[in-house]
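Trainee: Could you take me through one part of this model closely, the place where the two chains meet? I would be glad of one connected explanation that I can follow with the structure open.

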Amino acid sequence: MSWVDASAAQLRQDLEAGRVSSVELTRAFLDQIERHDSNVGAFLLIDSEGALRQAAAIDARRAAGQSIGVLGGVPLAIKDILCTAGQPTTCGSRMLERYVPPYDATVVSRLKAADAVIVGKVNLDEFAMGGSTENSAFKLTRNPWDLDRIPGGSSGGSAACIAASMVPWSIGTDTGGSIRQPAALCGVTGLKPTYGRVSRYGLVAFASSLDQAGPLGRSAEDVALLLQAIAGHDPLDTTSANVPVPDYAASLDKPLEGLTLGVVREHFGEGLDGQIEAAVRESLRVFESLGAKLKDVSLPHSKYGIATYYIIAPCEASSNLARYDGVHYGYRTDEKQMLAELEAERNEARVRGGERAADAVDSPLVRLYRRTRAEGFGPEVKRRIMLGTYALSAGYYDAYYVKALQVRRLIRGDYDAAFRDVDLIVGPTTPTPAFRLGEKLNDPLAMYLEDLYTVTANLAGLAALSIPCGLTANGLPIGLHLQAPPFQEERLLQAAHRFQRVTDWHLRRPRLT
Amino acid sequence: MALTRAEVEKVSLLARLRLTDVELDRLTSELGQIVHFVEQLSELDTSGVAPLAHALEAVNVFAEDEVRPSLDRELALANAPKRDDECYRVPAVLGE
């Protein structure tokens, strides 16, 4: 097996034992990117020079006998929605095409402090809004298992770059399933930490009460190590929880005897692909053979998850994205053209309806905002801003936003009740395997339904992960979804690790052409 | 309840988006479908249920009132599309 196919945890040991240097590893992964990214399209920015410099510095420190951080000089990629000082952070949007943040996100500064070698920034749906990465303003990312299919989203680049062995691990973000769904569709392991477990400082906001950054990797062990590096309280994010961070790697090997897994009745209903159901049911038998008990549970309000999410998330997005005004940073419309357009409109209005009609035309500042945003945002972002603005507008606020917040509490109540009887909840990550590029592009509602099983964990603020648990007859990966009560990442990782000790789905690799 | 094109146009001003006629038509239909979909929530009786705006439900996170260095002005202005030495520049707001 070549270096690029190994897990990050394995590579970390190889580095420690001196079997390979960080520079050699970084070169090997950069070569792999060079060979395959023209087909896969995961990367928006490749920083070969910076990565090699970082790797050389880590090698020098290791040679000098100095201590090395927990990530040990293993190459890594970051979703292009986390701010990197001095390096473009586009969010997959024309709006931020030329934006260069003046500071690092806390996640990024912690990765650097833990000695990750950052090889680049990876593609995403614009502002993390989408489930296929097709909403990126810059490029398509393809699923390495089948280049005609989507890698999932919004962290499609973060999952595809691992599946194509271009890095062994990466950082994604998850607002309604955006780490777990692409992890499932690309056959990698991805964890959405508990809301508040990882700082959001410098994570460009989509829906602030739901957004959470998290790790993707080849195995639960990889994900545990990467979570270790980024988790913990941050005074710069008042919503980051001041809860101690356990040693995630230490408890991975604990046996599963005595653990009860909840199987959600509602997850095996209409719309679930038969091959996915079969793979999930087989995984349940694996867990039983490992000593876990299964228990039937019900989440009666989970069927309202999508409707609840597609009110709350757009409402928060419409408010968060108000900051893109063409004034402080980012794209700005051509001012001369804008003023000329406005002058023509005012004249036309004056002829039609006199001075009052002319005054009803936008002021120059309002028109600057409106043109800037019309030209800078893509269709899905506009759709969500419009939806959120509508739902928050006078007369509709109670009927939509407040109603959704009430249902959100009912959804969390379901989980609270279920977790009194079970330790973890297990089910499918997605209802279907990766679909074809373009298949759902003109049907926003169909795309939203992709998040069926994942959104409720965000609404309730739980920890959840997806691990590979099978392949379809066409060779497409299937993901198993595990959910845990808040701050129980240890339990999730332990179950995932024990599963991966006796299965080899996480070791399968696509044949790259 | 279906959305009208006039409502969508009004919302586009509130959202500070300038939409083309084609976009307005398409969004009127798409938003109508999505709103129809989310209206399934009305079948739930939520009277007496407290809204849950935030999973952590943390309130009043205080910090010491200490002077700390903040972003340097030049750095803060570095990404501005239009600026002078000290400020962001915008089109005239008052008068012509």
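Mentor: Happy to! Keep in mind that this is a predicted model. Let's begin with the polar side of the meeting place: across the interface of chain B and chain A, 26 residue pairs are in polar contact, with both residues of each pair at pLDDT 80 or more.

One to look for in your viewer pairs the side chains of B:Arg18 and A:Glu341, with 3.7 Å from N to O.

Now step back to the whole interface. How many residues are in contact on each side? Chain B brings 53 residues, and they are in contact with 70 residues of chain A. The size of an interface is often given as the accessible area lost when the parts come together. For chain B and chain A that buried area is about 5,600 Å², and carbon and sulfur atoms give 67% of it.

The largest nonpolar core has 141 residues, and among the members that touch the most others are A:Leu76, A:Phe127 and A:Phe287. Follow A:Phe287 as an example: leaving aside neighbours within four places in sequence, its contacts include A:Leu256, A:Leu480 and A:Phe499. There is also a second, separate core of 28 residues, which includes A:Trp145 and A:Cys186.

Two other residues are worth a stop. A:Asn320 lies in helix H9 (residues 305-320) of chain A. A:Asn320 counts as buried because its relative accessibility is 11%, under the 20% cut-off. The side chain of A:Asn320 is joined to that of A:Ser208 by a polar contact of 3.0 Å. Not counting residues up to four places away in sequence, A:Asn320 also touches A:Ala205, A:Phe206 and A:Ala207.

A:His267, by contrast, is found in a loop, between strand E7 (260-264) and helix H8 (274-289) of chain A. With 4% relative accessibility, A:His267 counts as buried too. Beyond its neighbours within four places in sequence, the contacts of A:His267 include A:Gly427, A:Tyr453 and A:Gln483.

Notes. Residues numbered from 1 in each chain as written. Chains lettered and ligands numbered in written order. Heavy atoms only, no water. Contact = heavy atoms within 4.5 Å. Buried area = accessible area lost by both parts, 1.4 Å probe. Salt bridge = Lys/Arg side-chain N within 4 Å of Asp/Glu carboxyl O. Polar contact = N/O pair within 3.5 Å; in protein donor to acceptor, adjacent residues only side chain to side chain. Core = buried A, V, L, I, M, F, W, Y, C linked by side-chain atoms within 4.5 Å. Buried < 20%, exposed > 50% of the residue type's maximum accessible area, 1.4 Å probe, protein only. Helix = DSSP H or I, 4+ residues; strand = E, 2+ residues; numbered from the N terminus.
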